[in-house]
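My notes follow, in the order I wrote them.

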Amino acid sequence: MAKELITREENYSQWYNDIVTKAGLAESSAVRGCMVIKPYGYAIWERMQAALDKMFKDTGHENAYFPLFIPKSFFSKEADHVEGFAKECAVVTHYRLKNDPNGKGVVVDPEAKLEEELIIRPTSETIIWDTYKDWIQSYRDLPLLINQWANVVRWEMRTRLFLRTAEFLWQEGHTAHATKQEAVEEAELMLRIYTDFAEKWLALPVLRGVKSPNERFAGAIETYCIEALMQDGKALQAGTSHFLGQNFAKAFDVKFLNRENQQEYVWATSWGVSTRLMGALVMAHSDDLGLVIPPKLAPIQVVIVPIYKNDEQYNAIAEKAYEIKSQLEARNIRVRFDNRDTHKPGFKFAEWEFKGVPVRLAIGPRDLENQTVEVARRDTLEKEVLQLRNLDFKIQNLLDQVQQNLYQKALDYRTMNTFKVDTWDEFLLQIEKGGFILAHWDGTAETEQKIKDETKATIRVIPIEEEPKPGKCVYSGNPSRQRVYFARAY
RNA sequence: CGGGGUGUAGCGCAGCCCGGUUAGCGCGCGUCGUUCGGGACGACGAGGCCGGAGGUUCGAAUCCUCUCACCCCGACCA
């Protein structure tokens, strides 16, 4: 399994693609735009799911499941929403196949046309709000805090593994509230949860704030987002949380009776993160030797590689390895003992490095003699020989250090690649170098669009600031309320 | 969806321009043996409707037409 990896410098997108496929995270499938998530990649996704799911439940949310299919008519009920998604919907028109009367294979049975076409959900607001209508009568039914883990389909023209696929996995939260303020607080709470998750689990520092009207979710009043910087200087939207106002309540007629016995429309939020986070994970930390996975998400945190010349040595080393394995497992560390006899140690070292395992232990005859083990960390590639005494404790600490270091590295990178810019010339120069540009903007969609047309840069985040510092727009020179973050984005 | 490129064994490729026996090579895979502190080596072996469908021809991986998929660059998007 010799791994050849192009460098980030040479070709960043091929480097990304190679890591995803060669490390066994995912591969493209026989179906256009759709990927197969392989066991190693899915194991990481499951860890993300588990961590997020706990955070959602700890803040009072419950999981439920709604249909994959949505009647076409539901989409027309919210004007902005349908406009945002219309161009990328997969549509089910028939429900039966039959043998091709004049040939081989099967054809769609024209007799089996659906009365009303079904849309494969690109997002579930419509079906969920249609359902909520029957669930909500009184203020006592609120807030309704529901999350769904699901797949959705958006018929994308150009797809990339994890970053943009026609079908992807995600969670979507959909909540209903009695007051505007409570809904806004919910949207902001979920943004904090996403931030926490990105920083503590993905080891990925993110900017937080709101989107400009241009970049807002179709049907939202306000879109909050977290935005991360990838190693090629491009920004990646890593999660969004929307304050939907009463748009969907009005579209689907969801009202409740308040304490004063009056009918009111409910207030809504929705929020989601997707398997795109897998792409963020790869692009944020990996290097020219392959994948680097933060310990908290690594399916295998420690791999043990035995070094031996004969069966006798192997047996002695294996005994020690299993002992270490159970010692580490007692601390809930995920360990793999790589006792394959088909590969030499050097091969295994390279392979596990490619797969991003945070810590590697090597045990050979010398170690057996000295009661030691060689410990190598993936993030810095440093190696040291440690005494076996208290090894579990040392490894636990090391894993924490690796997690911390990855975050710090990513944060330093972002700091080094965030620039305050005050003139348009500077902006044009800087945007070519990548990274975030912190500049004043006059707040108009026209200016934003012109900047995008001229530079491909978009406003990624408008920071939420207590005391915004006004200035002059970097493009138009008109008054600006505060600086915003620009970048080229995925 | 526009421009460019590529489809030949699990992966990476040669062969195609100039049609002609059983379609090659490297990696990987299987068996056996020797190896094992940074990507080992030898012997033997398995594996291909040459992306798909039509056509031209005595004969097509090779020429023609259509189609599908993937990759890169744009516009759109999580």
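**Glu117 and its partner**

I started with Glu117, which comes out buried at a relative accessible area of 19%. That is just a number from a predicted model, so I keep the cut-off in mind: buried means under 20%. Next I looked up its salt bridge, and the partner is Lys72, with the closest N and O atoms 3.4 Å apart. Glu117 sits in strand S8 and Lys72 in helix H3 (residues 72–75), so the pair ties together parts that are 45 residues apart in sequence. Lys72 has 41% relative accessibility and counts as partly exposed.

**The sheet around S8**

I then checked what S8 pairs with. The sheet is open, has 3 strands in the order S4-S8-S5, and the pairing is antiparallel. S4 (69–71) and S5 (91–94) are the edge strands, each pairing on one side only. From one strand to the next, the twist averages 40 degrees. S4 and S8 (residues 113–120) are joined over 3 bridges, and I noted that Ile70 has Ile119 in S8 as its bridge partner.

I picked two more to look at.

- Lys133 and Asp130 meet at 3.2 Å, N to O. Both lie in helix H5 (residues 125–135), 3 residues apart, which is about one turn of the helix. Lys133 is partly exposed at 31%, while Asp130 is buried at 17%.
- Glu351 and Arg340 have their closest N and O atoms 2.6 Å apart. Glu351 belongs to helix H10 (residues 345–354) and Arg340 to the loop between strand S18 (335–337) and H10, so this pair ties together parts 11 residues apart in sequence. Glu351 is buried at 5%, and Arg340 is partly exposed at 28%.

I also wrote down a salt-bridge network that links Lys211, Glu215, Glu227 and Arg460.

**Cores**

The largest nonpolar core has 81 residues, and Leu25, Met48, Leu202, Met230, Phe427 and Phe486 touch the most other members. Helix H6 (residues 180–200) gives the largest share, 9 residues.

**Domains**

Last, I looked up the domain assignment for chain A: domain 1 (12–69 + 128–285), domain 2 (295–414) and domain 3 (418–487). The C-alpha centres of domain 2 and domain 3 are 46 Å apart.

Definitions and conventions:
Residues numbered from 1 in each chain as written. Chains lettered and ligands numbered in written order. Predicted model: local features only at pLDDT ≥ 70, side-chain atom pairs only at ≥ 80, totals over all residues. Heavy atoms only, no water. Domains from an automatic or database assignment. Pairing = 2+ DSSP bridges. Helix = DSSP H or I, 4+ residues; strand = E, 2+ residues; numbered from the N terminus. Axes fitted to C-alpha atoms, helices over the stretch in contact; angles between N-to-C directions. Core = buried A, V, L, I, M, F, W, Y, C linked by side-chain atoms within 4.5 Å. Buried < 20%, exposed > 50% of the residue type's maximum accessible area, 1.4 Å probe, protein only. Salt bridge = Lys/Arg side-chain N within 4 Å of Asp/Glu carboxyl O.
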